[in-house]
Amino acid sequence: MSKNIGKNSDKSPDKDCDKRCNTSRHRASRVRKTGALLLGLLLCLPLAVAAGHQVFLAHLNRADEQISRLVTLPEGLVKLATMEFSGPASDFLMFKVMVYLGEKLERQENPAPQEWQLAHQAICQVTNLDERFWDPYLLAMTTFPWDAPQLLPQTVGLLEKAALARPEDHQPYYFLWFLHAYFLDDAGQAARYIRLAAEKPGAPGYYPTLAARSALYAGNPMAGALFLEGLSGQTNNPELRQYYAKRIDALKKIAFLQEKVDAFTSRFGFAPTRLEQLREQGFVSALPEDPYGGQFFIDAQARVYTTSKLVEAKQEKKEANKQAH
Amino acid sequence: MLFKLWQVALFTYRESLRQRIVYGVLICAALLILFSLMFSGWFMRDILKIILDLCLAAVSLGGLLVPFFVAINLVAGDIDQKTIFTILSRPVGRGLYIVGKFCGLALLACTIIGILTLATLAALWGAALIFDPFFLRNLSINAILVAIAMKALATLVLIAVAMLWSTVTTSTFLATLLTLCSYIIGQSVESVVRFLVLQQNQLDYSPLLRLVAEASLYVFPNLAAFNFQHQAAHGLAIAPGEVLFALVYGLSYTAGLLILAVLLFSRRDLS
């Protein structure tokens with residue numbers, strides 16, 4: 001026993017040394033491994049960020065990619081494929097449409113006709129996934145007729161779909177009334193729609209009076225400004241409120257100049273041909289500027305309009321107009 | 001017997017809580033609910049709908065976690081790894097084992113859905129603080145609670161489906177695959193049958209196809225029957241009759257599946 005103890009005690013310093021050496025070697029190898037991993041991470045992370053940014057930039061310039069491939073799929077298939085998640089799917093698709101159009105408006109670019117068509121297709125898909133979702137109808141109503149008049153019939157179709165999906169809501173019929181009265185100059189249809197809107201619960205009391213006045217709204221800029229003001233007050237998105245504010249400003253300026261042109265006509269018995277005549281005769285102290293970068297003018301029917309057609313002018317054109325002004 | 005059932009259920013519940021994936025998905029779902037508040041701020045008018053769509057989707061995903069990841073692993077895993085013999089060597093019958101496991105998993109699903117419901121209510125409270133009351137005017141707590149309760153019922157049906165497939169098959173992979181197929185068919189079969197019924201005069205299709213589709217509607221669980229998310233998101237009234245039928249359908253279908261699972265499991269050669 002004692003021999004054994006002696007043997008053990010003789011061997012123990014060597015064993016301890018081995019253990020210590022092993023531990024220090026193990027530690028060193030762990031430090032080396034951690035260092036290598038950290039180095040790898042330092043190399044990979046910036047690479048991933050840089051490559052990710054390049055992918056994002058590449059996607060930014062691809063118009064068809066910006067909304068979603070869901071847009072081009074058959075409606076029935078999309079509805080079936082999204083199963084119990086059709087609500088969130090409609091939200092994400094709508095978000096993509098808003099980002100797509102929002103970016104264009106932010107960059108002060110007017111989307112090309114095919115891009116508007118894509119936006120319309122996407123809105124149809126959103127309303128297919130959730131036909132009661134009000135935001136897509138609202139977006140269609142506040143952009144298509146104003147910026148893409150070629151989509152006016154499609155906007156009417158979308159609002160008729162909204163009227164069916166939201167039977168208790170007076171707003172789809174009210175919008176249809178406005179489309180027919182303001183853009184389509186169809187007082188008969190407009191009166192029918194506003195009567196239908198007036199029958200809905202919670203409809204404002206002034207709706208029945210609009211039926212008789214529908215003809216007065218055709219192309220009336222003040223009516224357009226008031227309509228958009230009403231919508232702007234009920235919109236949460238600040239970018240869209242800014243978008244509405246610009247259009248309201250332009251419409252109010254047109255309405256103001258039209259009023260002065262009418263006053264000029266009634267005083268002199270003939271309409272002015274140039275807006276400068278209003279300033280020369282003291283009707284206005286200064287001519288307002290078009291917020292879209294165009295120039296206001298008087299057409300052959302003595303109606304005031306703008307060269308921008310209430311669509312964002314290109315930056316160079318805007319500067320040229322400013323200089324000319 | 002009830003005590004034994006409770007013990008098996010409690011054992012299953014504790015065992016399933018040990019799988020950390022549950023906590024991971026709970027954190028993800030809670031983050032999703034927080035994200036819903038930020039995401040909804042981008043929209044124009046239907047802010048409440050956006051919040052509820054995302055929160056109720058999180059509730060659904062949290063519920064689906066139980067049949068797909070926990071139930072199959074527990075039941076088919078028990079058979080696969082032969083750990084079932086440890087349980088069955090005690091005075092616990094095969095039927096009691098199946099029903100007890102189901103009760104434990106149902107308890108787990110209710111816990112997850114309960115936590116996510118609280119998170120949904122917290123998200124709505126946050127929305128009331130951030131947004132104008134105009135944007136939350138359609139809020140109906142009753143409709144939300146009914147929709148969540150129906151989601152819980154759909155989860156119970158799916159757990160029963162997962163248990164049935166686990167008792168029939170020999171591997172966890174096969175059981176997962178069959179449960180996934182049942183889920184997809186259950187979610188879409190109603191739409192397919194509705195399409196066939198509505199288009200029967202316009203489209204020329206085989207009567208056999210319609211028969212198969214209609215039979216699937218009754219054979220597979222019609223999970224769309226429990227979907228009241230649309231009504232909750234838009235603040236629409238839910239017809240009590242519709243809820244009652246869904247409740248009876250869900251409970252009777254689940255009971256039927258469990259009886260079938262017990263019958264098949266009792267005859268199964270585990271050796």
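Of the 325 residues of chain A, 42% count as buried, where buried means under 20% relative accessible area, exposed over 50% and partly exposed in between (1.4 Å probe, protein chains only). The model is predicted, so local features need pLDDT of at least 70 and side-chain atom pairs count only at pLDDT 80 or more, while totals for chains, interfaces and linings use all residues. Residues are numbered from 1 along each chain as its sequence is written, chains are lettered from A and ligands numbered from 1 in the order in which they are written, and side-chain values use heavy atoms, with hydrogens and water left out.

The secondary structure of chain A comprises 14 helices and two strands. Helices (H or I, at least four residues) and strands (E, at least two) are DSSP runs, numbered from the N terminus. Contacts (heavy atoms within 4.5 Å) were divided by sequence separation. Among those in chain A with a separation of 6 or more, 62% join residues 24 or more positions apart. The accessible surface of chain A is about 17,800 Å², by the Shrake-Rupley method with a 1.4 Å probe; for residues, only the protein chains shown count as cover. Carbon and sulfur atoms hold 58% of this surface.

Chain A meets chain B through 26 residues of chain A and 33 residues of chain B. The area buried between the two chains is about 2,600 Å². Buried area here is the accessible area (1.4 Å probe) that two parts lose on being put together, summed over both. Carbon and sulfur atoms give 63% of the area. On the chain B side, B:W42, B:M44 and B:R45 supply 30% of the area that chain B buries against chain A, more than any other three residues.

Helix 4 of chain A (residues 86–106) contains A:D91. With a relative accessibility of 0%, A:D91 is buried. Not counting residues up to four places away in sequence, A:D91 touches A:F133 in its own chain and B:F39, B:F43, B:K49, B:I50 and B:D53 in chain B. The side chains of A:D91 and A:S90 also form a polar contact of 3.4 Å. A polar contact is a pair of N or O atoms within 3.5 Å; within protein, one must be able to donate a hydrogen and the other to accept it, and residues adjacent in sequence count only if both atoms are side-chain atoms. A:G87 is likewise placed in helix 4. A:G87 is buried, at 11% relative accessible area. Under the same exclusion of residues up to four places away in sequence, A:G87 touches B:K49 and B:D53. Within chain A, 43 residues of sequence separate A:G87 from A:D130, yet their C-alpha atoms are 6.1 Å apart.

Helix 5 of chain A (residues 113–129) holds A:T127. A:T127 is buried, at 0% relative accessibility. A polar atom of its side chain lies 2.9 Å from the backbone oxygen of A:C124. Leaving aside neighbours within four places in sequence, A:T127 is in contact with A:P136, A:Y137, A:L158 and A:K161.

Helix 11 of chain A (residues 221–232) has 12 residues and reaches 16 Å from its first C-alpha to its last, close to the 16 Å expected. The expected span is 1.5 Å times one less than the number of residues. A:N220 caps the N-terminal end of helix 11, with a side-chain oxygen 3.0 Å from the backbone nitrogen of A:M222. The buried residues of helix 11 include A:F227, A:L228 and A:L231. Its buried residues pack against helix 6 (134–147), helix 8 (171–183) and helix 12 (238–268) of chain A. A:G269 follows helix 12 and has a positive phi, near 80°.

Most residues other than glycine have a negative phi. A:M83 has a positive phi, near 50°. A:M83 is found in the loop between helix 3 (75–81) and helix 4 of chain A and is partly exposed, at 22% relative accessible area. A:D185 also has a positive phi, near 50°. A:D185 lies in the loop between helix 8 and helix 9 (187–198) of chain A and is exposed, at 55% relative accessible area.

A disulfide was taken as a pair of cysteine sulfur atoms within 2.5 Å. B:C110 is in no disulfide; the nearest cysteine sulfur, that of B:C103, is 10 Å away. B:C110 is partly exposed, at 44% relative accessibility. B:C181 is partly exposed, at 39%.
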